[in-house]
Amino acid sequence: MARGNTINRNSSRRLDIFHIVLGIIIIVMAILAFIDPKENMVLFPLIFFSAALLKIISAVSTLRTGDHDRKKTTQGFLQLLAGVLILGVGIVSAVSIWF
């Protein structure tokens, strides 16, 4: 029984570390993008793609740990929808800036 909690804690810890690292990367890119927007315009789509990745991974984690809890499943699908929407904004941003 204790082993199951350890596995869940390890995956939760990895997810937390991933959130922290990707969050710091997003913050650094945002600061650089807003200091000199014309020079660092390429960072805007990357910020959106990173945020979408963060949201989609959170959604998958919520869906995997939710089992058959209706509230967790709904929350996971809403996070997934938000991730896909942010990814769409990133694609539109990339097309308008890069091409």
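**Labels and their grounds**

Leu43 touches Met29, Leu32 and Ala33, leaving aside residues up to four places away in sequence; contact means heavy atoms within 4.5 Å. This is a predicted model, in which local features need pLDDT of at least 70, side-chain atom pairs count only at pLDDT 80 or more, and totals for chains, interfaces and linings use all residues. Residues are numbered from 1 along each chain as its sequence is written, and side-chain values use heavy atoms, with hydrogens and water left out.

Q: Why does Leu43 count as buried?
A: Buried means under 20% relative accessible area, exposed over 50%, and partly exposed in between (1.4 Å probe, protein chains only). Leu43 has 13% relative accessibility, so it counts as buried.

Q: Why is Thr62 called buried?
A: Its relative accessibility is 13%, and therefore Thr62 counts as buried.

Q: What makes the pairing of the Thr62 and Gln79 side chains a polar contact?
A: A polar contact is a pair of N or O atoms within 3.5 Å; within protein, one must be able to donate a hydrogen and the other to accept it, and residues adjacent in sequence count only if both atoms are side-chain atoms. The Thr62 and Gln79 side chains make such a contact at 3.2 Å.

Q: Which residues does Thr62 touch, not counting residues up to four places away in sequence?
A: Thr62 touches Lys72, Gln75, Gly76 and Gln79 on that count.
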